[in-house]
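Let's take a walk through this model together, beginning with a helix and moving on to a sheet.

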Amino acid sequence: LLAFKWRVLAQLLSQGFGVLYTDPSTVLVSDPFEALYRDADIEAMSLGWDDPSSYGYNHVIDDPSMGFTRFCHGSRIVGYEPSLFFASPTPEALALASRMQAHAAAESLSSASRWEMARLEREAFLSELWMPSHKLYVSTGAIVRVLNYMCFVNSKFMFRQLRHDKLSSVTPVLVTINYHTDVERRMQAVFDRYHEHNKALLQALPLADNAGDPSQSVPANPCDGARSWMASAEANDLAKRAIAESPWAWGGVAGFEFARGGELRTPWGAGHWGVHSELPDTLFADFVGSKHNLRFSHGVAVSNRCGDSNVVLLRSVKNANLRQ
């Protein structure tokens, strides 16, 4: 079915038709064609939830060993959603559709779950739109415009931010339920809110659903309880690692240091850290009024902020220098 989707799209583009592809889990609030710019080969929904994640930001890696050229600048962006995009009838968009059809045909999807199929399609879509030509690989050259995430809304932004009162004046063009599995009731909640002017169900639903990918377990992110340094943390392997591999770069910003005794030094001010009282494989790091829970794996740490579940990646600057 995935290859068939892209084959039909390629056929329509080749006949000169522009195509707005929407997943069935989309609720239309107004006419989406009136919100298109039609100045790019592909106009794609973002999987992001704010300006930096949706449109990209300057990601800086600090390598002190390089002296005055220590700062390496790059770009980071959250992926695009291949279940909602507009393709203009251009040679580049047609080349992208043909390339995506080839990706889908090459993958062994007969036994893949819907989660695996969605992941593979998203990875291929992002790769083809972002990857520059190099070595034997030739880019399709398709120019992408990222659709406004407050107009073309993914369900993470919908349930994480847009449904709250401070954004009540914002009316989306459409909402796609792509971050959740309980699609029907969330579509109903969105329909009720924008077509029936009843927000009760939208407010009642939890941020995340209870199903998700059955092959994955969603870890809890408790933020209450004791969050102070305890003497027993001195012997904790995770705490030892955090100290030994300091300083770290927080979202690309260096100068994040786990010091002994629970002292936390950050570019934004002092804080405190320690071993989470409920999750022995997790550290807490609290600074400038925000609480964060950190899990470590494969040379990096992932921070999950309490309150809004914002995710930040940490890397050890010391380890990066040792690899030089």
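## One face of a helix

The buried residues of α1 are Leu2, Lys5, Trp6, Leu9, Ala10 and Leu13; here buried means under 20% relative accessible area with a 1.4 Å probe, protein chains only. Seen down the helix axis, they fall within an arc of 130°, so they line one face of α1; the arc is taken from the directions from the helix axis to the C-beta atoms. These buried residues pack against β1 (19-22), β6 (80-87), α3 (91-106) and α4 (114-130), with contact meaning heavy atoms within 4.5 Å. Helices (H or I, at least four residues) and strands (E, at least two) are DSSP runs, numbered from the N terminus.

This is a predicted model, where local features need pLDDT of at least 70 and side-chain atom pairs count only at pLDDT 80 or more, while totals for chains, interfaces and linings use all residues. Residues are numbered from 1 along each chain as its sequence is written, and side-chain values use heavy atoms, leaving out hydrogens and water.

## A three-stranded sheet

Now for the sheet: three strands form an open, mixed one in the order β2-β9-β8, where two strands pair if DSSP finds at least two bridges between them. β2 (26-28) and β8 (152-154) are at the edges with a single partner strand each, so one side of each has no neighbour in the sheet.

β8 and β9 (residues 174-176) run parallel, joined by three bridges. Val153 has Val175 as its bridge partner in β9.

## A loop residue

Val288 sits in the loop between β14 (282-287) and β15 (290-297). Not counting residues up to four places away in sequence, Val288 touches Trp268 and Ala270.

Technical notes: Buried means under 20% relative accessible area, exposed over 50%, partly exposed in between (1.4 Å probe, protein chains only).
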